[in-house]
Amino acid sequence: MELLKNKFFQKEFIYKLADGISLRTDEFDSELFLKKLTNKTYTNLELKEKLRVCAVTIGECLRLDYFDSIDVLMDVVTDIDNGFNTLVFPEFIDVYGREYFDKSLEALEYFTVFGSSEFAIRSFANKDIDKVLIFMKRLAKSDNEHKRRFASEGCRPKLPWAKSVKNLNDEIYVVKVLEILDILKEDTSKYVRKSVANNINDISKLYPKIVLKIATNWINKNEKTDWILKHGLRTLLKEGNKDALRLWGFDNSKGVEILDFHIENDDVYIGDTTYVFVTFNVKEKKKIRGDFRVHYLKNNGSHSTKTFSFFKKTFTSGTHAIKKKISFKEMSTRKHYVGMHKIDMVINGDAKKQIEFNLYSK
């Protein structure tokens, strides 16, 4: 898979950006801009570094005040294909616009339609969270789906790749964020609903009781809201939170007996893909969520745990057998170690049976 840093902020984009600015003002040192951004030093930077350096360099080479610079860039962005490259415009706001709060929020609203202003807004949220949340609440009512999505994504407590906003971890502001999400809970755009779900999932890691109270009020009233809740409660569901499970009809594990639970191969090696098998008996018709919880051995001898969905359906009384693929291939997000591993079979949040096996090196 091609690295993102080799896909974005490449020479084609840099030249197009330089041409676009030069066409709109004579107060731009295009030669210096290209010199700074078409050398190996810039090319070898990581993606976020490229984004930042590009934004800083625009300011260094554009001999206009902030307001005039924004007017130029608002025009230039229409030349750029929507996508990650367009993040350089909100990034310029982040670098140079923090002292011009109102103008900068106006510009971020404009630029988010072409890409996203979700990362740049974080600096402004750290400076005045109340003002930013009022701004986001207004955007949540916009006719434009990009602005509505920005209203949710920009105030996520745990937005990946983004600056931390301490106040978004405080209950008083979480409640205000949920007021924004309440406006979006029946949004017609899946693009927006996905962001709302991710925001709820973030909040559930901080204040599960608050999220569950909201979910209880929202559930079974609108299919779009139910979709949001299904994805927004995913962490609580994987953790086996009983209140979250009950919302979806997974009441308990009574009446389910695990008859057999095993891994296909006696010897499992790093890099292998194998299967986990479970056979269970259901006493009477029952809605069951089955997960398997893998305890991966870490380098220090402890274990890290990850839960995988196995099945979710209503079973009739009787015996049922199901298998699920499991991979021990090396990943950028997980390194495997030789030694004892464990897998729990989890039924409606309850760990019913555990298997242990050794992972070997080929």
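## Strands and how they pair

Two strands count as paired if DSSP finds at least two bridges between them. With that in mind, welcome to this predicted model, where strand β4 (residues 286–297) and β5 pair in the antiparallel sense over 12 bridges.

Another open sheet has 3 strands in the order β1-β3-β6, and here the pairing is antiparallel. β1 (256–263) and β6 (318–327) are the edge strands, each with pairing on one side only. On average, neighbouring strands of this sheet are turned by 20° against each other, with direction ignored.

Zooming in on one pairing, β1 and strand β3 (residues 273–282) run antiparallel and are joined by 7 bridges. A handy place to start is Val256, which stands opposite Val282 in β3.

## Two helices side by side

How do helices α5 and α7 lie relative to one another? The axes of helix α5 (residues 66–76) and helix α7 (residues 101–111) come within 11 Å and cross at roughly 10°. Angles under 35 degrees count as roughly parallel, so α5 is roughly parallel to α7.

Which residues meet here? From α5 come Tyr66, Phe67, Ile70, Asp71, Leu73 and Met74, and they meet Lys103, Ser104, Glu106, Ala107, Tyr110 and Phe111 in α7. Sorted by class, the contact of α5 with α7 has 8 nonpolar, 1 polar and 3 charged residues.

## Cysteines

How many disulfides does the model contain? The count comes to 0. A disulfide needs a pair of cysteine sulfur atoms within 2.5 Å. For Cys61, the closest cysteine sulfur is in Cys54, 9.9 Å away, so the two are too far apart for a bond.

Is Cys61 buried or exposed? Its relative accessibility is 0%, so Cys61 counts as buried. Cys155 is buried too, with a relative accessible area of 2%. For both calls, the cut-off for buried is under 20% relative accessible area.

Methods:
Residues numbered from 1 in each chain as written. Predicted model: local features only at pLDDT ≥ 70, side-chain atom pairs only at ≥ 80, totals over all residues. Heavy atoms only, no water. Helix = DSSP H or I, 4+ residues; strand = E, 2+ residues; numbered from the N terminus. Buried < 20%, exposed > 50% of the residue type's maximum accessible area, 1.4 Å probe, protein only. Axes fitted to C-alpha atoms, helices over the stretch in contact; angles between N-to-C directions. Parallel < 35°, antiparallel > 145°, perpendicular 65-115°, else oblique. Contact = heavy atoms within 4.5 Å. Nonpolar A, V, L, I, M, F, W, Y, C, P; charged D, E, K, R; others polar.
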